[in-house]
Amino acid sequence: MHSFEDLAAADQEAYAAKFPLLGLTFDDVLLLPAASDVIPSEVDTTTRLSRSITVRTPLLSSAMDTVTEARMAIAMARQGGLGVLHRNLSIEDQATQVDLVKRSEAGMVTNPVTCSPEDTLEDVDRMCGHYRISGLPVVDASGVLLGIVTNRDTRFETDMTRRVREVMTPMPLVTAHEGVSGPDALALLQKNKIEKLPLVDAAGRLRGLITVKDYVKRDQYPLATKDADGRLVVAAAIGVGEESFKRAMTLVEAGVDAIVVDTAHGHAKAVADTLARVKASTTGVDVIGGNVATRAGAQALIDAGADAIKAGVGAGAICTTRVVAGVGVPQVTAIFETALAARPAGVPVIGDGGLQYSGDIAKAIACGADTVMLGSLLAGVEESPGELVFVNGKQYKSYRGMGSLGAMRSRGTAQSFSKDRYFQHDVLSDEKLVPEGVEGQVPFRGPLAGVAHQLIGGLRAGMGYCGAGTIAEMQQARLVRMTAAGLKESHPHDIQMTVEAPNYGSRD
Ligand code: XMP
């Protein structure tokens with residue numbers, strides 16, 4: 001057996017060309033402690049998610065049908081991160097999800113949901129339930145405000161076939177003009193002890209709505225990711241090709257803030273073309289591309305105009321791409337490679353997949369990520385789609401890969417929109433699908449707020465150890481490579497755990 005140094009120069013070159021990189025992942029490295037006067041609670045975790053979106057918490061929830069629908073996106077934005085709405089549903093349904101997030105809270109609702117005086121209380125109930133709101137302004141056909149119907153008006157009604165006009169609180173109501181300032185609006189709400197302030201123009205037409213709920217939320221979620229109008233920020237995933245372009249345009253119309261061209265292999269002409277086309281056809285919306293795991297892949301998306309790059313191939317907890325196709329790059333190296341191209345171009349990097357513990361967030365950032373995207377760590381929270389399941393008295397929620405058979409298979413006449421993430425849109429029969437993911441369940445974790453607190457708490461601790469007061473400083477942190485024995489030493493050992501920690505679970 002000869003050593004590498006003994007090889008002829010040409011052979012050394014052949015080896016280097018064939019095996020250019022050593023692939024490292026989170027379990028291969030640890031952050032090096034460094035001189036520090038940084039206190040974890042004082043760390044600033046503000047970071048760039050894309051060229052024009054800044055978040056105070058560097059967390060994104062995955063565009064997966066067991067992770068991110070409107071409820072999760074709302075919760076993520078409130079925690080200062082962002083949700084990416086999955087795309088395994090029709091264009092119309094995905095646009096509705098965007099609308100739900102954009103309407104969930106606002107400085108001012110510019111296009112409030114309304115009802116007509118001829119609607120029934122049943123109609124009102126349905127709309128309020130759908131949008132999770134407590135009342136509706138009542139307008140005539142030309143948009144003139146006639147009154148308001150809230151749960152105060154309907155609480156004691158038993159006949160749900162009654163018309164809105166019979167039970168609404170009619171004009172004159174306390175209203176304000178469109179351009180009313182925030183403090184003036186709050187003063188009106190307080191003085192009149194009301195919860196909703198309709199905004200009208202000179203002709204009495206409804207132009208907007210301010211609710212007291214939004215003021216309460218502002219205090220409750222000070223880190224929330226909001227747009228210029230005070231609405232929560234949301235992103236949504238699309239695929240490639242003509243249909244996806246149509247999807248993107250519909251989502252933009254619904255008010256989405258960022259489009260994610262979401263594929264398993266982003267270093268592909270179809271991805272670059274879709275990204276460039278969506279970018280050229282929109283303004284005020286960032287377009288994110290992925291996934292890539294090499295410097296060249298990242299460069300191709302930067303050249304196509306990407307506003308952020310998503311890094312990760314085969315790292316996800318439910319992924320089988322590396323086993324089925326034999327392809328991938330361990331996640332620490334994938335993030336580092338992507339950042340090599342993205343950093344000089346000023347394009348933020350999203351480290352997507354493979355994170356198992358809060359410490360992995362700190363490691364991902366040290367390797368060049370600006371934010372991270374989480375699937376398995378978030379699939380178990382209350383706000384993720386799907387019901388709780390009980391197994392042997394323990395609570396779980398389902399979690400499946402978007403390349404799993406379940407996600408790619410059509411259901412009756414309902415089409416799957418997940419196949420093309422794995423470039424299998426041309427596979428007509430479900431039997432011929434080649435899955436790249438699995439289906440399973442993860443333990444129930446309670447509300448997102450508690451989980452996010454632990455994840456960010458871990459990141460803050462990591463930043464403290466590294467002497468990094470900001471994300472930019474954390475990206476300068478250095479790491480040490482470790483052996484399998486080092487990893488074994490890193491986890492609890494020589495003890496039988498008797499109390500469950502809120503931020504640690506062993507892997508088996
Ligand atoms: P974690 O590890 O956070 O990873 O659960 C979530 C990420 O995994 C990707 N993803 C997949 N990758 N087959 C894959 O190879 C799949 O079926 C699959 N589904 C999701 C995706 O990038 C997600 O954010």
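In which kind of crossing, right-handed or left-handed, does α11 pass α13? The first legend below takes up this point. The model shown in these views is predicted.

**View 1. Helices α11 and α13 pack against each other at an angle of about 35 degrees.** Helix α11 covers residues 295-303, and helix α13 covers residues 331-345. Their axes are 6 Å apart. The crossing in which α11 passes α13 is right-handed. On the α11 side, the residues that meet the other helix are R295, A298, Q299 and I302. On the α13 side, they are E337, T338, L340, A341, A342 and A345. By residue class, the contact of α11 with α13 divides into six nonpolar, two polar and two charged residues.

**View 2. The ligand is surrounded by 24 residues.** The closest of these residues are C319, T321, D352, Y399 and G403. The shell around the ligand is made up of nine nonpolar, 12 polar and three charged residues.

**View 3. Side chains of D352, R421 and Y422 place N or O atoms by the ligand.** For D352, a side-chain N or O atom is 2.5 Å from an oxygen atom of the ligand. For R421, a side-chain N or O atom lies 3.2 Å from an oxygen atom of the ligand. In the case of Y422, the ligand atom is a nitrogen, and the distance to an N or O atom in the side chain is 3.2 Å. The ligand taken alone exposes 520 Å², and 96% of that is buried by the protein.

**View 4. Y221 sits in the loop between α8 and β12.** Helix α8 spans residues 212-220, and strand β12 spans residues 235-238. Leaving aside residues up to four places away in sequence, Y221 touches R78 and Q79. Y221 can also be located relative to L60: the two are 161 residues apart in sequence, and their C-alpha atoms are 17 Å apart in space.

**View 5. The peptide bond from M171 to P172 is cis.** The omega angle of this bond is near 0 degrees. P172 is found in the loop between β8 (169-170) and β9 (176-177).

**View 6. The peptide bond from G290 to N291 is cis.** Here omega is near -5 degrees. N291 has its place in strand β14, which runs over residues 286-292.

**View 7. K193 has a positive phi.** The value is about 50 degrees, although K193 is not a glycine. K193 belongs to the loop between α7 and β10. Helix α7 covers residues 182-191, and strand β10 covers residues 196-200.

Note on methods:
Residues are numbered from 1 along each chain as its sequence is written. This is a predicted model: local features need pLDDT of at least 70, side-chain atom pairs count only at pLDDT 80 or more; totals for chains, interfaces and linings use all residues. Side-chain values use heavy atoms; hydrogens and water are left out. A residue is near a molecule or strand if one of its heavy atoms lies within 4 Å of it. A polar contact is a pair of N or O atoms within 3.5 Å; within protein, one must be able to donate a hydrogen and the other to accept it, and residues adjacent in sequence count only if both atoms are side-chain atoms. Accessible areas come from the Shrake-Rupley method with a 1.4 Å probe; for residues, only the protein chains shown count as cover. Ala, Val, Leu, Ile, Met, Phe, Trp, Tyr, Cys and Pro count as nonpolar, Asp, Glu, Lys and Arg as charged, and the others, Gly among them, as polar. Axes are lines fitted to C-alpha atoms, for helices over the stretch in contact, and angles run from 0 to 180 degrees between N-to-C directions. Helices (H or I, at least four residues) and strands (E, at least two) are DSSP runs, numbered from the N terminus. A crossing is left-handed if the near helix is turned anticlockwise from the far one by less than a right angle, and right-handed if clockwise. Contact means heavy atoms within 4.5 Å.
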